[in-house]
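Visitor: I would like to learn how to read a structure like this one. Please show it to me and take one feature at a time.

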Amino acid sequence: MTQRERMMRGLPYRASDGELAALHMETVKKIHDYNSWRPEDVDGKDRLIRDLLGKTGKSVYVEAPFYCDYGFNIQVGENFYSNFNLTILDVSQVITGDNVMVVPGVTIGNDVVVGAGSVVTRDLPDRVIAAGNPCRVIREITEADRKYYFRDREFDVEDY
């Protein structure tokens, strides 16, 4: 199984793998272009974000700066808007529905896991697992969590 296949299946993988590193580098170049695009060239910026993302609705607007891993795993619906500093870690599919905007003033701390489908309406501290609607802290992340990459799934190789 290739490292890309491992990544797409939610298994531990090596991001430094040749194929993944090349895909990431292409994305980094596109992100650089997007984040430094002239603001008055609205049509050009729109073409760039559509080229970067896997699938978009008719109306999509992402304030720069924007960051992601690969882009092709990101799908956004109709009337998608994000404010500055959106970061999407898309090592697997990230799908956002129609009429989505970010909540203003919310900060998500470092090393935080946010459960799928959660609505984050208030700040989350560092090193916690949070989920729900509205999103709430479930527990802190501890050293005991290091041997797992997902729930009770232990790493299947020794050198990760």
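This is a predicted model: local features need pLDDT of at least 70, side-chain atom pairs count only at pLDDT 80 or more; totals for chains, interfaces and linings use all residues.

Visitor: With which residue does Lys30 meet in a salt bridge?
Guide: A salt bridge is a side-chain nitrogen of Lys or Arg within 4 Å of a carboxyl oxygen of Asp or Glu. The side chain of Lys30 meets that of Asp51, at 3.5 Å from N to O. This pair links distant parts of the chain, with Lys30 in helix α2 and Asp51 in helix α3 (residues 42–52), 21 residues apart. Asp51 counts as partly exposed because its relative accessibility is 46%.

Visitor: How many salt bridges are there in the whole structure?
Guide: A search finds eight. One of them joins Lys29 and Glu26, at 3.4 Å from N to O. Both residues lie in helix α2 (residues 18–35), three residues apart, which is about one turn of the helix. Lys29 is partly exposed at 44% relative accessibility, and Glu26 is partly exposed at 43%. Arg38 also forms a salt bridge, with Glu40, where the closest N and O atoms are 3.0 Å apart. Both Arg38 and Glu40 are exposed.

Visitor: How many helices and strands does the protein have?
Guide: Helices (H or I, at least four residues) and strands (E, at least two) are DSSP runs, numbered from the N terminus. The protein has three helices and 11 strands. From the N terminus on, the order is α-α-α-β-β-β-β-β-β-β-β-β-β-β.

Visitor: Where is Asp145, and why does it count as buried?
Guide: Asp145 sits in the loop between β9 (135–140) and β10 (148–150). Asp145 counts as buried because its relative accessible area is 19%. A polar atom of its side chain lies 2.7 Å from the backbone nitrogen of Thr142. Contact means heavy atoms within 4.5 Å. Leaving aside neighbours within four places in sequence, Asp145 is in contact with Arg139 and Glu140. In the protein as a whole, buried residues make up 28% of the 160 residues.

Visitor: Which residues does the cis peptide bond with omega near 5° join, going from Ala64?
Guide: That bond runs from Ala64 to Pro65, and Pro65 lies in the loop between β1 (60–62) and β2 (66–68). Another cis peptide bond joins Asn133 and Pro134, with omega about 5°. Pro134 is in the loop between β8 (128–132) and β9.

Visitor: What is phi of Asp111?
Guide: Phi of Asp111 is near 55°, a positive value in a residue other than glycine. Asp111 is in the loop between β6 (94–96) and β7 (113–114), and at 53% relative accessibility Asp111 counts as exposed. Arg127 has a positive phi of about 55° as well, although it is not a glycine. Arg127 is placed in the loop between β7 and β8, and is partly exposed, with a relative accessible area of 36%.

Terms used
Residues are numbered from 1 along each chain as its sequence is written. Side-chain values use heavy atoms; hydrogens and water are left out. Buried means under 20% relative accessible area, exposed over 50%, partly exposed in between (1.4 Å probe, protein chains only). A polar contact is a pair of N or O atoms within 3.5 Å; within protein, one must be able to donate a hydrogen and the other to accept it, and residues adjacent in sequence count only if both atoms are side-chain atoms.
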